[in-house]
Amino acid sequence: MSQAVYDLREVKRARYAVASVFAVHGAVTGSFATRVPWIQDHAGVSAGQLGLALAFPALGASVAMPLAGSISHRFGARNALRGLMALWTLALTLPSLAPNLLTLCLALFTFGATAGMADVAMNALGVEVETRLNRSIMSGLHGMWSAGALIGSAAGTLAAHLGSDARLHHALAAATLTLLGLVACQWVLDLQPAEDEEPPPRFALPPRSALLIGAVGFCAVFAEGASLDWSAVYLQDQLGTSAGLAAACTTGFTLTMAVARLVGDKVVDRYGAVRTVRFGGFLATLGGLLVVVSDMPALAMTGFALLGLGIAVVVPLCFAAAGRSGPNPSLAIAGVATITYTSGLVAPSAIGGIAQATSLMVSFCLVTVLSFGLVAFAGVLRAGDRDRPKVSRPDAAVPDPRP
């Protein structure tokens, strides 16, 4: 992108705009997740068929995410984000319209493809704002995504409780979120490609640096997916707790992650990405060990809380490091996003397969080992700790400081 110069007030305004975009993106996910049972009944699919269909969003995202860079290059970052966010919010209406398994799979593939492209575009702009502000904001942006997901989930829960048709619910939600997204996109950075800048390839393998960064993200997202989907089952099956206490464990894990992301930027600014991830990996490893060895629900719940606290900021920092790891931030971010999406797809079934062959305790031994991988390989995020010029005056010009 071109070396544009921005007033600091414009950059700060862009930060709030991107944060709003993250919240809208999360709200779409939360709105969808709460109506999955209605969608299953409407499409007339079994639990096994639903599981197959729910793999298609990740497949769609993996295929489409590399396109985000070329779209941003052709239309400019602001217009690209505006269009991709509109496609994503409007795609919320598709799954509830599907009458059978085939159409549901196609709808979810499209749903995932639009989600992935918008994800890459908004993370790339988040990295640009972070670079110009010279302080960490990516953790907070992902915290806003979690907050948006909670708001969307709450609205969806209310709609389900009232027995509303998901087609009507999602149509209203899509219209509202599309409007909010378009308004927020008005104030993001309007980055344009330089005149002599070559357009990125539509499809290309991510750079080696992105693969290494993505491996760190893989470890974190695997632990996240395993804990979200299996923590309640672990407490009930391994420790014999009630369903209510088991559900509270999952809620606690989610809230711990959301809060940690919202406050994580201050920690990153003080200690840097590498030390933050290493310490987070230590907490997550300790949490995994508590889950594996504990025979009391309180200790296991503490372990899951430590897992959520330890991995909360890892993915935002992976995106930040990817955005500074080479000349094509969108391509690197797309590579990291593809790896993390794959991890989220693989983790729940891998945990179930290992548990079927051995036990859930052995499954979480794997989670603990992968958590320690954050300690061992955090150094690959050093690109995210790169020194940047300080901005001290309210009216200072803020150029892109990268070469």
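The side chains of Arg132 and Glu128 form a salt bridge with an N to O distance of 2.6 Å, where a salt bridge denotes a side-chain nitrogen of Lys or Arg within 4 Å of a carboxyl oxygen of Asp or Glu. This is a predicted model, in which local features need pLDDT of at least 70 and side-chain atom pairs count only at pLDDT 80 or more, while totals for chains, interfaces and linings use all residues. Residues are numbered from 1 along each chain as its sequence is written, and side-chain values use heavy atoms, with hydrogens and water left out.

**Salt bridges**

| Pair | N to O distance |
|---|---|
| Arg132 and Glu128 | 2.6 Å |
| Glu130 and Arg324 | 2.5 Å |
| Arg167 and Asp165 | 2.7 Å |

Arg132 and Glu128 both belong to helix α8 (residues 101–133) and are four residues apart, about one turn of the helix. Helices are DSSP runs (H or I, at least four residues), as strands are (E, at least two), numbered from the N terminus. Both Arg132 and Glu128 are buried; buried means under 20% relative accessible area, exposed over 50%, and partly exposed in between (1.4 Å probe, protein chains only).

Glu130 pairs with Arg324 in another salt bridge. Because Glu130 lies in helix α8 and Arg324 in the loop between α15 (314–323) and α16 (329–357), the pair ties together parts that are 194 residues apart in sequence. Glu130 is buried at 3% relative accessibility, and Arg324 is buried at 6%.

In the salt bridge between Arg167 and Asp165, Arg167 is partly exposed with a relative accessible area of 37%, and Asp165 is partly exposed at 27%.

The largest nonpolar core comprises 110 residues, and Leu81 and Phe364 have the most contacts inside it. Such a core is a set of buried Ala, Val, Leu, Ile, Met, Phe, Trp, Tyr and Cys residues joined through side-chain atoms within 4.5 Å. Helix α8 gives the most to this core, with 16 residues. Leaving aside residues up to four places away in sequence, Leu81 touches Val21, Ala118, Ala121, Met122, Leu125, Cys185 and Val188; contact means heavy atoms within 4.5 Å.
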